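I opened the model and kept notes as I went. The entries follow the order in which I looked things up.

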Amino acid sequence: MIFSILEHILTQISFSMIVILITIHLTTLLVNERATLLDSLEKGIIVTFFCITGLLFTRWLSSGHFPLSDLYESLIFLSWSFYIIHIILSFQKQKNYLSSITAPSALFTQGFATSGLLTEMYQSKILVPALQSQWLMMHVSMMVLGYAALLCGSLLSVALLVITLKKNRTSFSKIKNLVKEPFFFSEIQYFTPKSNIAQSTSLFVLSNYYRSQLIQQLDRWSYRVISLGFLFLTIGILSGAVWANEAWGSYWNWDPKETWAFITWTIFAIYLHIRTNTNLQGANSAIVAAIGFLIIWICYFGVNLLGIGLHSYGSFTLKNI
């Protein structure tokens, strides 16, 4: 009873913090990026992280098993993983644009999990026989950590693609305007460093330089985060195969969840292979990562909508409003 009350309180506090933090985040993006607002956002994220950590720990004590038995618990753990990645990346020099990717991921994932849309999952239940194993913590935690890292890395790649596309459009329009402008050799004498053309060209070159630097940083951090997520995903799939052999007598059953997990693993293996080629780094590898972003959500969330297969215990229904 005490654990249930404490869990309810932590859920309400964390959801209230989510609403406040999303408001602050949107304010910094759309209105004004003030240092005080950014500082409040970071402090609020830390408070929310401790709330969700307490929520997971309380649910663990009340249920007697690691809280990863259904979609609600895995969503909470997924948002907790996002917070971990966000806190680690916040120590980096380029934390501003990195946090703009990781913070919304954590906030919206936890907001959905604690919003009340998921039914019949808030109360802990007795584990089904297939889940009553020590492999539960190893397999599911590695898979969810892998999903979190791969999603963050893929979002960095999506940001890279957006900036690259914008850069190419800006460059094309600048060149087009220069070609259209009439030019006379007699006007060369009036070209001074302080002229408008020289100033606009300098700003254009400087802007392209900073964008190129940002693209390189996004590509580098995307590769690092995806590599970490790929390692977690590989460990999760291997441990799941061992667990499947103990529970069902076969290492692989081509269950929908298993199949999409293998597709996810293949997509990011292709990404890592492409990334090793210096000529294909940047936008080319980012396209593969962007495809992987969609595949992850199909594997993690979309398959649960079907409610079929050996992993059907993770299916869910939405509350009728």
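**Entry: His65.** I looked up His65 and found this residue in the loop between H2 and H3. Helices here are DSSP runs of H or I with at least four residues, strands are runs of E with at least two, and both are numbered from the N terminus. The model is predicted, so I noted that local features need pLDDT of at least 70 and side-chain atom pairs count only at pLDDT 80 or more, while totals for chains, interfaces and linings use all residues. Residues are numbered from 1 along each chain as its sequence is written, and side-chain values use heavy atoms, with hydrogens and water left out.

Is His65 buried or exposed? His65 is buried, with a relative accessible area of 9%. Buried means under 20% relative accessible area, exposed means over 50%, and partly exposed lies in between, with a 1.4 Å probe and protein chains only. I then took one C-alpha to C-alpha distance: His65 and Met137 are 8.8 Å apart in space and 72 residues apart in sequence.

**Entry: Ser141.** I found Ser141 in helix H5. Ser141 counts as buried, at 8% relative accessibility. Which residues does Ser141 contact, leaving aside its neighbours within four places in sequence? I listed Phe66, Leu68, Phe77 and Leu136. Contact means heavy atoms within 4.5 Å.

**Entry: Trp254.** I looked up Trp254 in the loop between H6 and H7. Trp254 is not a glycine, yet has a positive phi of about 55°. At 57% relative accessibility, Trp254 counts as exposed.

**Entry: the whole protein.** I counted eight helices and zero strands. From the N terminus on, the order of elements reads α-α-α-α-α-α-α-α. Of the 321 residues in the protein, 43% are buried. Among contacts between residues at least 6 apart in sequence, 79% join residues at least 24 apart. The protein exposes about 17,700 Å², and carbon and sulfur atoms supply 68% of this area. The areas come from the Shrake-Rupley method with a 1.4 Å probe; for residues, only the protein chains shown count as cover.

**Entry: the core.** I looked at the largest nonpolar core, which has 67 residues. A nonpolar core is a set of buried Ala, Val, Leu, Ile, Met, Phe, Trp, Tyr and Cys residues joined through side-chain atoms within 4.5 Å. The members that touch the most others are Ile76, Leu78, Phe82, Tyr83, Tyr147, Leu156 and Ile226. The elements giving two or more residues to this core include helix H1 (2-30), helix H5 (135-180) and helix H8 (283-306). H5 gives the largest share of this core, 14 residues.

I also checked Tyr147. Not counting residues up to four places away in sequence, Tyr147 touches Leu78, Leu233, Ile296, Cys299 and Tyr300.

**Entry: cysteines.** How many disulfides does a search of the whole structure find? The search finds zero disulfides, with a disulfide taken as a pair of cysteine sulfur atoms within 2.5 Å. Cys152 is buried, with a relative accessible area of 2%, and Cys299 is buried at 0%.

**Entry: the record.** In an unreviewed UniProt entry, I found the annotation "transmembrane region" on residues including 44-62 and 259-274. UniProt positions are given in the numbering used here, feature names are shortened, and annotations may be inferred rather than shown by experiment. I compared these two spans with the model. Residues 44-62 are 100% helix and 0% strand, with end C-alpha atoms 27 Å apart. Residues 259-274 are 100% helix and 0% strand, with end C-alpha atoms 23 Å apart.
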